[in-house]
Amino acid sequence: MPWRKTKDAYAIWVSEVILQQTRVAQGLDYYYRFLQAFPTIQSLADAPLDDVMRVWQGLGYYTRARNMHAAAKQVMSEHGGKIPDTYEKLRSLRGVGDYTASAIGAFAFNIPRPAVDGNVYRIWSRIFGVFTPIDTPNGQKELYQISFEQLDKQRSALFNQAIMDFGGTLCMPKNPLCGDCPVSDVCYAFRNNAIALLPAKSKKIKVTNRYFAYLMIRHKGDTFIRQRDGKDIWHSLYEFPLIETGGSTSLKSLEKTQEWKEMFGNVKPTVLHISPRLKHVLSHQHLYTQFYIIEVKTIPYFLSTNFIKVKADSMGEYPTSRLIDSYMAAEPVEKYFLRHEAGSGQNKRSRRKD
Ligand code: SF4
């Protein structure tokens, strides 16, 4: 991997942040794209947040991108543009937790600390037979202690890399390749037929179902979007007017909601198309979403004061969630939504299909 062939702390940081919650194959593409757009910490700090979000679009967990952007500014203002070379100072950067600080520290500066994440918990809990749940402070403390004891302090970068590779190629979460494993003879889980039991977890992830109705409101060649804020998913990304309901709903019941009435006021909307219900899966949430393509002859007051008007074919210039991005790339949006552009003989929207 390119990030293992460099000692550039910035490139290592970018790779570590991208690879959290992301498969290496997908992360590689984003890694190149990100460094091409922001080749130095200064260029990242100087870039508008929207530009950063656009490059990050499709990768998910958008807080990571916002934090990196804020941390880059912090490096410029507090560390003279140089990524700090101690664990404590790395840890003080926005969004840099114990794992990332340890990983940057080990790979860029050979700081003798183990970079401990879920993969590492899995490996050591299996080898040492640790049944304390890894989602509890006690379990994490116990496994961190083991990781620290096992770490080759002289070759921190090499050792951390070896453990990561071991978790990715042999001791995977499901179907680990114990037959090829060089430590199977000392591995507790292998010797005691406990692979399915380790790592132990105390609770299952609670998944919430949410129901979204996106209103893609067309007025001539324009549509309306706004930037998400608040403490929720997709912070800072752009989206169409959204009505969230307590369960799956029909157009009739949607029209009776307060949000719909507030949105359209006295203006009579014409619903041109309703998408099938789409299921979008996030780590803790399942989003059941329908897109309503709606036409209005005059712009309702609420829409004009709470949303920004954009050309329908310029949506690609705004960072949006993968849900909106993939829906916009599909039919029948082109047919209904961009009908006004049909006469111009061109459709300028070109979107990534990530
Ligand atoms: S023997 Fe199997 S479970 Fe144990 S460390 Fe090796 S790959 Fe993992």
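Helix H8 (118-128) and helix H11 (188-191) each supply at least two residues of the shell around the ligand in this structure, which is a predicted model. In total, 14 residues surround the ligand. By class, the shell around the ligand comprises 12 nonpolar residues, one polar residue and one charged residue.

The protein as a whole contains 16 helices and eight strands. Its C-alpha trace spans about 70 × 50 × 35 Å along the principal axes. Of the 354 residues, 32% are buried. Among contacts with a separation of 6 or more, 66% are between residues 24 or more positions apart.

Helix H1 (residues 9-19) packs against helix H2 (residues 24-37) at an angle of about 140°, and the two axes are 9 Å apart. The crossing of H1 past H2 is right-handed. On the H1 side, the contact is made by Ala 11, Val 14, Ser 15, Ile 18 and Leu 19. H2 contributes Val 24, Gly 27, Tyr 30, Tyr 31, Phe 34 and Leu 35. Nine of the residues in this contact are nonpolar and two are polar, with no charged residue.

The backbone also deserves a look at a few places. Most peptide bonds are trans, and most residues other than glycine have a negative phi. A cis peptide bond joins Leu 198 and Pro 199, with omega about 5°. Pro 199 sits in the loop between H11 and strand E1 (208-218), and H11 is one of the helices that supply residues to the ligand shell.

Further along is the loop between strand E2 (222-227) and strand E3 (238-239), where Trp 234 lies. Trp 234 is not a glycine, yet has a positive phi of about 65°. Ser 236 is found in the loop between E2 and E3 as well, and has a positive phi of about 80°, again without being a glycine.

Are Trp 234 and Ser 236 buried or partly exposed? Trp 234 counts as buried because it has 20 C-beta neighbours inside 10 Å, and 20 or more is the cut-off for that class. Ser 236 has 18 other C-beta atoms within 10 Å, so Ser 236 is partly exposed.

Terms used. Residues numbered from 1 in each chain as written. Predicted model: local features only at pLDDT ≥ 70, side-chain atom pairs only at ≥ 80, totals over all residues. Helix = DSSP H or I, 4+ residues; strand = E, 2+ residues; numbered from the N terminus. Buried ≥ 20, exposed ≤ 12 C-beta atoms within 10 Å, placed from the backbone. Contact = placed C-beta atoms within 7 Å. Axes fitted to C-alpha atoms, helices over the stretch in contact; angles between N-to-C directions. Left-handed = near helix turned anticlockwise from the far one by under 90°. Nonpolar A, V, L, I, M, F, W, Y, C, P; charged D, E, K, R; others polar. Near = placed C-beta within 6 Å.
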